[in-house]
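Colleague: I am new to this structure and would like a close look at one part of it. Please take the aromatic pairs and what surrounds them.

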Amino acid sequence: MADKTTDLSDMPNIVPGALQPIDFEALAADGHPTHPPRILLLYGSLREVSYSRLCAEEGARVLRALGCETRFFDPSGLPLVDDNADETHPKVAELRELVLWSEGMVWSSPERHGAMTGVMKSQIDWLPLSPIGGMRPTQGKTLAVMQVSGGSQSFNTVNQLRILGRWMRLITIPNQSSVPMAWKQFENGRMKPSSLYNRIVDVMEELARFTAMTRGRSAGLTDRYSERVESLEDVHQRVSG
């Protein structure tokens with residue numbers, strides 16, 4: 001865990017003393033992980049100036065200040081799911097490896113034509129619900145959702161991302177971020193101080209705490225009667241055969 005002297009020199013919008021590293025050991029139950037939470041950040045635009053990526057980068061700075069470990073996936077070169085590619089494609093393999101590494105995720109997408117972008121959806125489409133190497137890539141992990149808009153504030157994309165998070169059996173935290181007129185909120189690649197920036201800080205704090213409190217408990221949180229019944233039926237058929 002980061003100590004109380006975390007360097008905030010690259011975070012000019014943070015009020016000194018208002019952001020403190022989280023004591024992950026205090027949040028963990030006996031025998032559960034206490035290492036820095038591992039957070040993967042995905043963004044939904046390939047543009048050189050990508051506001052969804054810039055928002056995710058601001059979020060990553062906050063997460064690291066709180067004591068988390070962060071990684072990004074660059075979606076450039078990721079094929080479409082039906083584009084004659086499979087899980088052996090280098091970009092697909094990289095994405096899945098990062099998701100398996102992670103304990104929580106941030107999904108940050110622009111809103112385009114009232115919906116998330118194809119770039120964002122393609123990344124999610126490559127994540128299976130079935131286990132990879134005996135591990136479920138998403139089930140029981142945490143998720144924070146964010147969106148940016150070129151115009152007035154909207155919640156279409158974060159609402160869609162929540163639906164997908166539920167479908168992927170992710171623990172999607174209550175808080176979220178929606179940044180309207182994103183082009184007005186940044187200067188020289190950094191977000192200006194505002195209530196919109198403060199909301200991103202809030203979302204990252206909540207994600208870090210939810211991740212610390214739920215990791216190590218995935219088996220209990222995601223254990224399902226229907227799957228246990230199905231497993232028993234499989235055993236019965238195998239023995240009976």
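Modeller: What follows describes the aromatic pairs, then a helix that takes part in one of them, then two further sites.

This is a predicted model, in which local features need pLDDT of at least 70 and side-chain atom pairs count only at pLDDT 80 or more, while totals for chains, interfaces and linings use all residues. Residues are numbered from 1 along each chain as its sequence is written, and side-chain values use heavy atoms, with hydrogens and water left out.

A search of the whole structure finds 2 aromatic pairs. Rings of Phe, Tyr and Trp (its six-membered ring) pair if their centres lie within 6.5 Å; planes under 30 degrees apart count as stacked, over 60 as edge-to-face and the rest as tilted. Tyr43 and Phe72 form a tilted pair, because their planes stand at 55°, with ring centres 6.4 Å apart. This pair links distant parts of the chain, since Tyr43 is in strand β1 (residues 38-43) and Phe72 in strand β2 (residues 69-72), 29 residues apart. Helices (H or I, at least four residues) and strands (E, at least two) are DSSP runs, numbered from the N terminus. Tyr43 has a relative accessible area of 7%, so Tyr43 is buried; Phe72, at 30%, is partly exposed. Here buried means under 20% relative accessible area, exposed over 50%, and partly exposed in between (1.4 Å probe, protein chains only).

Tyr51 and Phe186 are also a tilted pair, because their planes are at 40°, with centres 5.5 Å apart. Tyr51 belongs to helix α2 and Phe186 to strand β8 (residues 186-187), 135 residues apart. Tyr51 is partly exposed at 26% relative accessible area, whereas Phe186 is buried at 9%.

Helix α2 covers residues 51-66, and its end C-alpha atoms are 23 Å apart, which agrees with the 22 Å that its 16 residues should span at 1.5 Å a residue. The expected span is 1.5 Å times one less than the number of residues. Of the 16 residues of α2, 13 are buried.

Arg71 lies over the face of Trp101, 4.2 Å from the ring centre. Such a charge sits over a ring if NZ of Lys or CZ of Arg is within 6 Å of the ring centre and within 35 degrees of the ring normal.

Thr157 is buried, at 0% relative accessibility. Not counting residues up to four places away in sequence, Thr157 touches Ser109, Pro110, Glu111, Ala115, Met116 and Gln147, where contact means heavy atoms within 4.5 Å.
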